[in-house]
Amino acid sequence: MSLFKVKEWWSNDKLQNEGYYEGLQNCSCIKVDKFNSNGDSDYVIVGEGSQLKVYKPGIPQSASDIILELQLDTIVLQIETGKFTVDAEDRQILILHPHNYSVYSLQRKGFNNDAGEQNYATLIIKHSFTRKAHNMTIGPFGSSKARDLFCIQALDGTLSFFDQDTFLFMCIFNDIIVPGPVCYIANSDLFVMCKSNWVMEIFSYQQLEEFSELNARQNKKNIPQWTYNAGEEILSIQVIRTSSNFSSVVALGERHLYCFQDNGLMKFMIRFNYIPICFHAYLIGWYYEPSARLLIMVASDDSKLFVYEGTTLLWSCDLLDRAIAVSRCFVNSLPGGLVTLSTKGIINVCYLGTEPDLNSNAAPINDAMDPRQVQAELEAVEESLQNVLDSKEDTNDYLTKIDQIIKIKADVGKPVQNLFTTSMKDNDQVLHLLMCPVVVMLTCEDPKLVQSIQITYDCSPPFECSEPTICLDTINGTEIVEIQVFLTSEADISDTWIRILFTIIDSAGKIYVLPQKALLPLSLYCSPVTADTDNSIQINLLANHPCDLKEIFTDFTTEELLINHEPKESITFLYRTTKQVVTVKNNAQWYSIEASEFSDISPLLDNFINKLIEYHTRMGTKKFRVSFQLNMELIKQIIHKFLKSIEAHAKERITLQTMENELSILQRQFMVIQKRLLVQYGSLPPGDCEPLEFLMRDTHERLLKSAESVIESREKVCRAGCTLSAVGNLVTCILKHTVHEDFTFKLIDETLSLSSLYEHSQEWEEAVTQATSYLLNNVIKKSEKDKEKLATITDQDVLSHINLKKFLKQLRIVLEKMFTDATEDLNDGGKVKITRIEELVEVL
């Protein structure tokens, strides 16, 4: 990072339109030049899409700095200035479009009243051509003294020459696949061309005229004046006259900067340790003076500017924005200003400062400050901050105010059959998906107090929302927003809640964030079936006020629950995704949930407990409690299954990383083959391309297979994550209703952070490893020997075999500690007695 930063003098940031699309401009869409109508300052001419703007920078900055806006028919590719007609009194503006070019004359008209002066552009020449244009160069071709001529390069590399609106001739090159920069050397009447084989070739105007389309049919070979094989793509070329007899040709490559005399003699070459984007060469002094100095400014991709004289770096500094074009201007009170065009279309006129910006965030101190005034202001600020910290009611008032402004109600509807979305399986069975509507009703008494509302929906796989984000720019009384939630894959159900975030911006600009959540109906992912299997896992729930199962599962009708079920105290459900069954039984004082896997118990258990609490709340039952009937063997099985699911998820992640690395290698290999094949195509005579073509086809097939493997591996990682989340939610659910201290449950819940399993900002294993280590070292008191034995190896990846094994050991210790403390509390109450687990069981 450079200590220095350019000093901003003028910018068109405040003069820009609100709607700007990045990528409309290139380095040729800006031109800095001086016109006779305004001889004291340079104009900055820029093309934004199909609009032409002319700026006259000045201080203070005002809206009058933009002196002309011209809406054109098509997009602007390049802008040049010069004298293109014989009787031109002033310099004119040439604009290149994809299928035509236009020449405008910039004129100024004065008025006798206070209206001031008006600038307008007059169309002088407009000419169309057939081949789509890429770039152009201008100059007095053939030693023309009266005007400048045009040379337009098409997308196929063809050069077309024009004089005003007259077509002169055309040159077709068979060895150009991708067009490159073209530049004209006026004092020697030469053209510099960069071809697809990364070779710079220099032709004279007379050679190109003889090598026109008519003469090319006679198979005549056109030998260039001199050539240079750069070995890399040339990004841009600039010709600048540096002496009375010679001009310098400066070419910018991908990693080098080349400087030649126009006779082919290389003056110097610079190799960069950064990626250059654009450059500008200029002279200090006049070219006919022996003391004239050639300086070159180069802008890099990390928003830095480097100034070279020969191979010597004179200056480096930070730019205000990432530049795609850089130039030099002479304006009032600022001779030798720096003009940059950013990727966002912002033009900055700056100058190079000499004071290092050691603290860019601090404002410059120019005037002496009164210490007593500073102390008084500091005490006032501290007092206001203390008032904010002391007022505990501000937060409640903050939320109460928004609750009074807008009322929010979220509800989940009954799932309906989706007849339009189907999923074809390998066995030709069609799975009709159910869609569950989620309706949000927003009621605002005074819509003027609310500026906008953004509603964000979040649900865990395999659930997915039809619209994750909805923005309401205007609120008219009552707004009803409805989305659909549906199943997308055959993974385990991990979380049955949908979380909704309301981001509200009021009329004063304050932002409020209100969270809500809703429980998805059981009928969306389950259906009642006949009990025909024996389940190996059973979890018992004790309730002090039992009730009938039909009163709990209200998502289904009584006929659906009682069909083919004997006895009536038992109901079996089938998951629509995994086709696994889970049974709920009612035995007077306790309930039991039976399944073949712990991951199948979790979603139904969560729904059952919430529905049970909701039912007793609705019935007005006092002091209703739910607890688990646990034993040591069941706890060991749950912890073992949870750790095994973590291990499976980590292995799938390792496989995915391996496949992604292979895909990245194949992609780089494919790009290298393409570049080499492009060189072979453009060489004269063309080289043997058959081996490279075979290698490119083979690499392309491997790329497709590798991409398909990556997609399949990502689906496996998602399914393993769903199983992990399902078992983890079962662990947290049991601890929630077993641990009496809310802080202890919050500690383990935040440590596992199962809700972050599907986030892309940080992987789950890496986050939980740090949290588990903190628990062991600061909360759970272990000996120094145990801490050293279980310490994570920092120089290896968390998913490595050793670190993963230690992570599972640490997590096992934490879970066993939590369950042991919880069951010891139950033992004190005389309900269940569970002994403490002392031995560690290896997982891997």
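**Exercise 1. Count the helices and strands in the protein chain.**

The protein chain has 12 helices and 43 strands. Both are DSSP runs, numbered from the N terminus: helices are H or I with at least four residues, strands are E with at least two. This is a predicted model, where local features need pLDDT of at least 70, side-chain atom pairs count only at pLDDT 80 or more, and totals for chains, interfaces and linings use all residues. Residues are numbered from 1 along each chain as its sequence is written, and side-chain values use heavy atoms, without hydrogens and water.

**Exercise 2. Describe how H7 and H10 pack.**

Step 1. Locate them: H7 covers residues 632-682 and H10 covers residues 764-779.

Step 2. Take the angle, about 135 degrees, and the distance between the axes, 11 Å. Axes are lines fitted to C-alpha atoms over the stretch in contact, and angles run from 0 to 180 degrees between N-to-C directions.

Step 3. Classify: H7 is therefore oblique to H10. Oblique is what remains after roughly parallel (under 35 degrees), roughly antiparallel (over 145) and roughly perpendicular (65 to 115).

Step 4. List the contacts (heavy atoms within 4.5 Å). Phe642, Ile646, His649, Ala650 and Arg653 of H7 meet Trp764, Glu765 and Glu766 of H10.

**Exercise 3. Find which residues touch the most other members of the largest nonpolar core.**

Step 1. A nonpolar core joins buried (under 20% relative accessible area, 1.4 Å probe, protein chains only) Ala, Val, Leu, Ile, Met, Phe, Trp, Tyr and Cys residues through side-chain atoms within 4.5 Å.

Step 2. The largest has 103 residues; Tyr457, Phe553 and Phe573 touch the most other members.

Step 3. Helix H12 (residues 801-828) supplies the largest share, 9 residues.

Technical notes: Buried means under 20% relative accessible area, exposed over 50%, partly exposed in between (1.4 Å probe, protein chains only).
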